[in-house]
Amino acid sequence: MKLIFNLGVLLSMFSFLFVCSYFGYQSPRYVKLAHELTEKTAKKLKKQKGLCLAGSGGQMMDDIQMMMGFNFYKVVDVATARQLLMDSVQEYLSTINTNEEIRTYLHNYPFTPQNVEIVIYFYNPEGSKVPFNKITIAAVNQGKIVYYVDDPEKHTIKPFHEESYEKALILVEK
């Protein structure tokens, strides 16, 4: 299922790129910069943490706000999920804020945790779903971190723990 979804996303991206290039559309420089910085961060996080980029994007019409989604192939507890999120946010912010060329396009400078969204989808090592009582998704968005588990009764996910970015940062630094 995951393979089919990933293939669908890739096919959509290639189709979009083909149509844009066929009609001569060129992305603005700030969009290219944002993608370059995202790729740079994703490569580093894959090497250091084993996080696999599953998607990226953001708001880039008037100014830049960015997001990244990762797959992680290990069952984790809250402390590990928190550490992965915090490391990802800090690495992304560092990459963005140290790039002088992109600064004029940012929503605000320096970029803060309020400007990025990171989502991590957790799987068993072989790629299957994690057990119902384990973290399925962990996300940081607008300074809030939420951890989700599967709800087998409703066939959906449900939040089971929330915390502020600031609280998570304190817990990680202990």
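These are my notebook entries on a predicted model of one protein chain.

**Ground rules**

I note that the model is predicted, with local features needing pLDDT of at least 70, side-chain atom pairs counting only at pLDDT 80 or more, and totals for chains, interfaces and linings using all residues. I number residues from 1 along each chain as its sequence is written, and I take side-chain values from heavy atoms, with hydrogens and water left out.

**Entry: the whole chain**

I looked up the secondary structure and found 4 helices and 6 strands. Helices (H or I, at least four residues) and strands (E, at least two) are DSSP runs, numbered from the N terminus. From the N terminus on, I read the order of elements as α-α-β-β-α-β-β-β-β-α.

I then looked up burial. Buried means under 20% relative accessible area, exposed means over 50%, and partly exposed lies in between (1.4 Å probe, protein chains only). The chain has 174 residues, and 37% of them are buried.

For contacts I use heavy atoms within 4.5 Å. Of the contacts in the chain with a separation of 6 or more, 52% are between residues 24 or more positions apart.

**Entry: helix 2 and helix 3**

How do the axes of helix 2 and helix 3 lie to each other? I find that the axes of helix 2 and helix 3 (residues 78–97) come within 10 Å and cross at roughly 145°. Here axes are lines fitted to C-alpha atoms, for helices over the stretch in contact, and angles run from 0 to 180 degrees between N-to-C directions. On the side of helix 2, the contact is made by Leu37, Thr38, Lys40, Thr41, Lys44, Leu45, Gln48 and Lys49. Helix 3 brings Leu84, Asp87, Ser88, Glu91, Tyr92, Thr95 and Ile96. I sort the residues of this contact into 5 nonpolar, 5 polar and 5 charged. In that sorting, Ala, Val, Leu, Ile, Met, Phe, Trp, Tyr, Cys and Pro count as nonpolar, Asp, Glu, Lys and Arg as charged, and the others, Gly among them, as polar.

**Entry: threonine 38**

I picked threonine 38, which sits in helix 2 (residues 29–49). Is threonine 38 buried or exposed? Threonine 38 counts as buried because its relative accessible area is 4%. Its side chain makes a polar contact of 2.7 Å with the side chain of tyrosine 92. A polar contact is a pair of N or O atoms within 3.5 Å; within protein, one must be able to donate a hydrogen and the other to accept it, and residues adjacent in sequence count only if both atoms are side-chain atoms. Leaving aside neighbours within four places in sequence, I list Ser56, Met66, Met68 and Tyr92 as in contact with threonine 38.

Leucine 53 lies in strand 1 (residues 52–59) and is partly exposed at 31% relative accessibility. Not counting residues up to four places away in sequence, I find leucine 53 touching Glu39, Ala42, Met68, Gly69 and Phe70. From C-alpha to C-alpha, leucine 53 and lysine 43 are 8.3 Å apart, with 10 residues as their separation in sequence.

Asparagine 71 belongs to strand 2 (residues 65–72). It is buried, at 7% relative accessible area. Its side chain is joined to that of tyrosine 73 by a polar contact of 3.4 Å.

**Entry: strand 5 and its partners**

Two strands pair if DSSP finds at least two bridges between them. I find strand 4 (residues 135–141) and strand 5 pairing in the antiparallel sense over 6 bridges, with alanine 138 opposite tyrosine 147 in strand 5. Strand 5 also runs antiparallel to strand 6 (residues 156–164), joined by 8 bridges. There aspartate 150 has isoleucine 157 of strand 6 as its bridge partner.

Why is strand 5 largely enclosed by the rest of the structure? Strand 5 (residues 144–151) is enclosed in this way because 6 of its 8 residues are buried.

**Entry: turns and a cis bond**

The hairpin of strand 4 and strand 5 has 2 residues between the strands, and glutamine 142 in the turn has a positive phi of about 50°. Glutamine 142 is exposed, at 58% relative accessible area.

The hairpin of strand 5 and strand 6 has 4 residues between the strands. In it, histidine 155 has a phi near 55°, a positive value in a residue other than glycine. Histidine 155 is exposed at 73% relative accessibility.

Last, I looked up the cis peptide bond that joins tyrosine 109 and proline 110, with omega about 0°. Proline 110 is in the loop between helix 3 and strand 3 (116–122).
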